[in-house]
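Hello,

Here is the structure I promised to pass on. Have a look at it first, and then read my notes below.

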Amino acid sequence: MNLRAVGAIYRFEMARTWRTLLQSIVAPVISTSLYFIVFGAAIGGRIQTIEGVSYGAFIVPGLIMLSLLTQSISNASFGIYFPRFVGTIYEVLSAPVSYLEITLGYVGAAATKSILLGLIILATAGLFVELRIEHPLFMLLFLVLTAVSFSLFGFIIGIWAKNFEQLQMVPLLIVTPLTFLGGSFYSISMLPPLWQTVTLFNPVVYLISGFRWSFYGVADVNVGISLGMSVVVLVLCTAIIAWIFRTGYRLKA
């Protein structure tokens, strides 16, 4: 394992974050805080508690997960797409660096930025509502698994995309709607039985449910299933990336 090469890619990607601090950190925190203020004030006045948890506190895990998913995909997809766009990816591919080391560098930086952002949003939410974390180790586990899994997914999108429009298409048209419909702002037990069943086909439901359980001990689905779904996404994305590097899909001219 060439740790120096991994570290070089990782530091380069992290340096881009500090150069674009307003866009990378400040803007997502402000937008999430606005979600929290608007939904907490508008809906919280009508829904006092859900499963014994105040509505303002109940939506915090969902908001963190919303930012975590979108930022993980965005950071990783742009990180690998831009070198393809300007042509510098061929310098990386021709260097004595393995595909595993390239992936670790780019995905590791994207996941680090997303985890940092999630923790900042968590600290910000603590200024608005009283939070409790009943299972802190599981909270960190879900946070890391989700960040890494969707950074890998973003890495795949960054290789697949042919232009900036395609780069934004999947997060905006697929991932964000699935997150909103995945119980970010409500419990799926509040839905009619038919829609509860339909919602279970949304993989984001399991991520949000497990993450919320780590805070308050309440979940829409079994926490073991939620953890298993996180691992499935991780393994599936890893397998796709291995296939991409093995075949040279969208990487070789």
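This is a predicted model: local features need pLDDT of at least 70, side-chain atom pairs count only at pLDDT 80 or more; totals for chains, interfaces and linings use all residues.

Residues are numbered from 1 along each chain as its sequence is written, and side-chain values use heavy atoms, with hydrogens and water left out.

Start with α4, residues 60-86 (helices are DSSP runs of H or I, at least four residues, numbered from the N terminus). From first C-alpha to last, α4 reaches 39 Å, close to the 39 Å expected at 1.5 Å a residue (the expected span is 1.5 Å times one less than the number of residues). Of its 27 residues, 22 are buried, so α4 is largely enclosed by the rest of the structure (buried means under 20% relative accessible area, with a 1.4 Å probe and protein chains only).

Helix α1 (residues 3-19) has 17 residues and reaches 24 Å. Its buried residues include Ile-9, Glu-13 and Arg-16.

Now look inside. What lines the largest cavity? Among the lining residues are Phe-36, Leu-63 and Ile-121; α2, α4 and α6 (99-125) each give two or more residues to this lining. A cavity is a set of points on a 1 Å grid over the protein atoms alone where a 1.4 Å probe fits but cannot get out, and lining residues have an atom within 4 Å of a point.

Enjoy exploring!

Methods. Buried means under 20% relative accessible area, exposed over 50%, partly exposed in between (1.4 Å probe, protein chains only). On a 1 Å grid over the protein atoms alone, a cavity is a set of points where a 1.4 Å probe fits but cannot get out, and a pocket is an open set with protein on both sides within 12 Å along at least five of seven lines; lining residues have an atom within 4 Å of a point.
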